[in-house]
Amino acid sequence: MRHQVCIIGGGPSGLLLCLLLRRAGVDAIVLEQRSRAYVLGRIRAGVLEQGLVDILHHAGVGQRLAAEGFVHDGTLIVAHGRRVHIDFKALTGKTVTIYGQTEVTRDLYDALDAMGAPVLHEAEGVTIHGAETDAPYVTFTRGGQAQRIDCDYIAGCDGFHGVSRRTIPEALRQEFEHVYPFGWLGILSETPPLHHELVYAGHERGFALCSMRNANLSRHYLQVPLTDRVEDWTDETFWAELRRRLPPDLAEVLVTGPSIEKSIAPLRSFISEPMSWGRLFLAGDAAHIVPPTGAKGLNLAASDVWYLSQALIAQYQGDAAPLAGYSAQALARVWKASRFSWSMTRMLHSFPSEGPFLARMQAAEVDYLAGAPAAQTALAENYVGLPY
Ligand SMILES: Cc1cc2nc3c(=O)[nH]c(=O)nc-3n(C[C@H](O)[C@H](O)[C@H](O)COP(=O)(O)OP(=O)(O)OC[C@H]3O[C@@H](n4cnc5c(N)ncnc54)[C@H](O)[C@@H]3O)c2cc1C
């Protein structure tokens, strides 16, 4: 097979990149190691920055999002005895939209299907060859058959555990990592959301987040030690602990119910530089991971994909500069979003091993936030997404 761009990974990054390229007449193919049902079954992000919403409209997949997404003008932070409403709209003129990653993925599949774009699932043993040459190619097996795709460029959109980043020689790669000493236990339940906006709760027993997907589907999280296992947490113990971490008036109105999904995700900040090598370009989780506190993972994947799609389109129109500058351009935004995710995590989680000094610093930070419009504006600007 021959295609102009071979995209490895059929998560949101790979599917969106394929759609943007194909809409611009660039012949792209996606190789995904899992089945479509598996990819669609993964419960992950749900807060979309305006930038991602705009890209989805630009790509022609904004219809269901506009009809079913929930626009949030702000968020509530309850921590250290303070209740701070961050009014995104008043402070920045922008909002965020609640719409599940699963739904984004489904819309992307539908659009790719409608245009007959090739998305090959269950592609095993994907291997990148000659990325540093002018004739790269990718090999894999599918249905027991060895296959090869020759291409001009390879996009590594295969997430943190994929092969693309590791194809860049170690000597040319620099990795920056911070692993947090806890994880998030998340449950999905068919219950109404706690509040009309997301509630971030900082508590001495640990952080909690009350989020949602729609009017009768809630996503709640608890900070838990890394040693905890999902089996350690019954639904009852989860709800009881969540109530303890919320202010009494919110705990009282929390509606509980059986969980339909429950999982623990470790938290880490990770960035790999550079995001390109020869004709291989990384995008999304393949190059960086953020803790979910600032809801940046999916949104950063989107900004990478936007930069990369525009750079590849320009390349085919004879302008090589954007593709040459892709890594530096994407990394500048990645570092700023990672700083924000790290600072939100730092402000709201409990770090028992760091003693009372940090706890007092966190209380002072929330106190400052509560009284300083400038600090609220800075938080809001980052939360709704830095421009790109
Ligand atoms: C448990 C969990 C919860 C999360 N919650 C949030 C949240 O609340 N808010 C938020 O903003 N972000 C969240 N994130 C992060 C967000 O989901 C990711 O940033 C986003 O999925 C990145 O998209 P991606 O396409 O770059 O990577 P992925 O979604 O990881 O997709 C990569 C794809 O590549 C495929 N793949 C991997 N290796 C290969 C290979 N060798 N060959 C072919 N295909 C391969 C994978 O199967 C996968 O489909 C969460 C992530 C996880 C893991």
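**Close-up views of the sheet and the ligand site**

**View 1. An open sheet of 8 strands.** In this predicted model, an open sheet of 8 strands has mixed pairing and runs in the order S6-S5-S14-S15-S16-S13-S17-S20. Strand S6 (82-87) and strand S20 (288-289) are the edge strands, each pairing on one side only. Strands (E, at least two residues) and helices (H or I, at least four residues) are DSSP runs, numbered from the N terminus. Two strands pair if DSSP finds at least two bridges between them. Residues are numbered from 1 along each chain as its sequence is written, and side-chain values use heavy atoms, without hydrogens and water. As the model is predicted, local features need pLDDT of at least 70 and side-chain atom pairs pLDDT 80 or more, while totals for chains, interfaces and linings use all residues.

View 2. Strand S5 (residues 74-79) pairs with S6 in the antiparallel sense, over 6 bridges. Ala79 stands opposite Arg82 in S6. Ile77 stands opposite Val84 in S6. What phi does His80 take in this hairpin? With 2 residues between the strands, His80 has a positive phi near 50°.

View 3. Helix H13 (residues 355-371) lies across S5 and S6, running at about 50° to S6. Contact means heavy atoms within 4.5 Å. Axes are lines fitted to C-alpha atoms, for helices over the stretch in contact, and angles run from 0 to 180 degrees between N-to-C directions.

**View 4. The shell around the ligand.** The ligand is surrounded by 27 residues (a heavy atom within 4 Å). The closest are Ser13, Glu32, Arg42, Gln101 and Asp285. By class, the shell has 10 nonpolar, 10 polar and 7 charged residues. Gly counts as polar here. Helix H1 (12-23) and helix H10 (297-316) each supply at least two residues of the shell.

View 5. A polar contact here is a pair of N or O atoms within 3.5 Å. A polar side-chain atom of Glu32 lies 2.6 Å from a ligand oxygen atom. For a side-chain N or O atom of Gln101, the distance to an oxygen atom of the ligand is 2.7 Å. Gly297 places a backbone N or O atom 3.2 Å from an oxygen atom of the ligand. Taken alone, the ligand exposes 1,000 Å², and the protein buries 86% of that (Shrake-Rupley method, 1.4 Å probe).

Technical notes
Polar contact = N/O pair within 3.5 Å; in protein donor to acceptor, adjacent residues only side chain to side chain.
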